[in-house]
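Subject: Structure for your review

Dear colleague,

Please find below the structure that I am handing over to you.

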Amino acid sequence: MKTRLTERLGIAHPVIQAPMAFAAGGALAKAVSKAGALGMIGGGYGDAAWIEEQFAVASGGRIGCGFITWALAEKPELLDQAIELGAAAIFLSFGDPAPFAEKVRLADVPLICQIQTLRDARRAIEVGADVIVAQGAEAGGHGETRGTMALVPEIADEIARAGSAAVLCAAGGIADGRGLAASLMLGADGVVVGTRFWAAAEALAHPKIVAAALSADGDATLRTRVVDIVREIKWSERYSGRVLSNAFIQRWHGHENQLVRGIKVEAASWVRAQESGDTTIAAPFVGEAIGLVHDAPGAEDIVYSIVTSSRKLLACFDNVEA
Ligand SMILES: Cc1cc2nc3c(=O)[nH]c(=O)nc-3n(C[C@H](O)[C@H](O)[C@H](O)COP(=O)(O)O)c2cc1C
């Protein structure tokens, strides 16, 4: 399936697997790339040893690496590491990409910038992003408030107005062929998919937590700061994280100050719950698209299914009289 994105990144299908912190390791990235999409290691908050290990797991695969930009600013040497390890693309989200753009460009590696607002899209154009990812609030993990449906065409218009050569991906709520076909209709050249790949067989999510999420519907997610508070990670007020609700989230969402007061006890129990897969406490970062995810196949099957079904949908338009 050829688009401007496949040409720009040298891939067969216009699908990028989101660089999900703690969930997207080398095995997932390699499987996605093997299927002809672009797999990404989720460099997240930046752990040099883990990143090196995951590149080794993916060895032989053509994969990219993503970073949370404000965290990368605290450990900028990780960008050199990812480039040296042979990252096929660098994916930056949540912060100003400007301090890193030149290094990525000089290394001749495509720069992918994920944005949530028009203002950030203008910044990404300014720094010369090769790919701009317009992320709507339906997305799993961190993000802002705008919905994918109106954000994507508005960013497409802005890229055209600026005369930029950047290509555009949609992200947030895309889990199947319908999402890919719709994104192309909205003016995107491809998609970034997180939640669907979070439940892939190769992802690093806890099997008990994945099993519980497979029976959840999209109504069961919400945007909250509770998970960042309990993990004691200092995110800007701008961003919240979309998670699958559970007893822990219901207890603390709206009562964040109390959670801060009891943080020692709650943080320890959060860590234990992550390790044991206790779904009453450990709330995973997943998006509204979890309501479209009912199984945990291999990543290659996920790529083929998204692409095949979107091809069929798009073929219908050949038969429609204008
Ligand atoms: C489990 C999970 C972890 C994520 N972690 C990151 C991250 O570390 N860095 C990042 O740029 N985006 C992260 N995201 C957001 C994705 O980049 C992407 O915007 C989102 O998954 C797209 O929406 P979807 O989940 O509906 O497919 C994460 C998403 C999920 C589901």
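Leaving aside its neighbours within four places in sequence, Val-104 is in contact with Ile-90, Val-109 and Leu-111. Please keep in mind throughout that this is a predicted model. Val-104 belongs to helix 6, which covers residues 98-106. Is Val-104 buried or exposed? Val-104 counts as buried because 24 other C-beta atoms lie within 10 Å, and the cut-off for a buried residue is 20 or more. For a sense of distance, the C-alpha atoms of Val-104 and Arg-196 are separated by 28 Å, and these two residues are 92 apart along the chain.

I turn next to helix packing. Two packed helices are described by the angle between their axes and the distance between the axes.

Helix 9 (residues 177-185) packs with helix 16 (residues 299-316) at an angle of about 55 degrees, and their axes are 7 Å apart. Helix 9 and helix 16 are therefore oblique to each other, and the crossing is right-handed. On the side of helix 9, the contact is made by Gly-177, Arg-178, Leu-180 and Ala-181; helix 16 contributes Ile-306, Thr-308, Ser-309, Ser-310, Leu-313 and Leu-314. Sorted by class, this contact of helix 9 with helix 16 has five nonpolar, four polar and one charged residues.

Which residues of helix 9 are buried? They are Gly-179, Leu-180, Ala-181, Ser-183 and Leu-184. The elements that cover these buried residues include strand 1 (15-17), helix 8 (148-162), strand 8 (167-171), strand 9 (190-193) and helix 16. After helix 9 comes Gly-187, which has a positive phi near 105 degrees.

Helix 16 also meets helix 2 (residues 26-34): their axes come within 8 Å and cross at roughly 40 degrees. Helix 2 and helix 16 are therefore oblique to each other, and helix 2 passes helix 16 in a right-handed crossing. The residues that make this contact are Leu-28, Ala-31, Val-32 and Lys-34 of helix 2, together with Ala-299, Glu-300 and Val-303 of helix 16. By class, the contact of helix 2 with helix 16 divides into five nonpolar, no polar and two charged residues.

Most residues other than glycine have a negative phi. Phe-94, although not a glycine, has a positive phi of about 70 degrees. Phe-94 lies in the loop between strand 4 (90-93) and helix 6, and Phe-94 is buried because 24 other C-beta atoms lie within 10 Å. Glu-232 is not a glycine either, and its phi is positive, at about 55 degrees. The loop between helix 12 (226-231) and strand 11 (240-244) holds Glu-232. Glu-232 is exposed because 10 other C-beta atoms lie within 10 Å, where the cut-off for an exposed residue is 12 or fewer.

Finally, I come to the ligand. How many residues are around the ligand, and which come nearest? There are 29, of which Ser-93, Gly-140, Gly-141, Gly-194 and Gly-287 come nearest. At least two residues of this shell are supplied by each of strand 3 (64-68), strand 9 and helix 10 (195-198). The shell around the ligand divides into 15 nonpolar, 13 polar and one charged residues.

With kind regards

Conventions. Residues numbered from 1 in each chain as written. Predicted model: local features only at pLDDT ≥ 70, side-chain atom pairs only at ≥ 80, totals over all residues. Helix = DSSP H or I, 4+ residues; strand = E, 2+ residues; numbered from the N terminus. Contact = placed C-beta atoms within 7 Å. Axes fitted to C-alpha atoms, helices over the stretch in contact; angles between N-to-C directions. Parallel < 35°, antiparallel > 145°, perpendicular 65-115°, else oblique. Left-handed = near helix turned anticlockwise from the far one by under 90°. Nonpolar A, V, L, I, M, F, W, Y, C, P; charged D, E, K, R; others polar. Near = placed C-beta within 6 Å.
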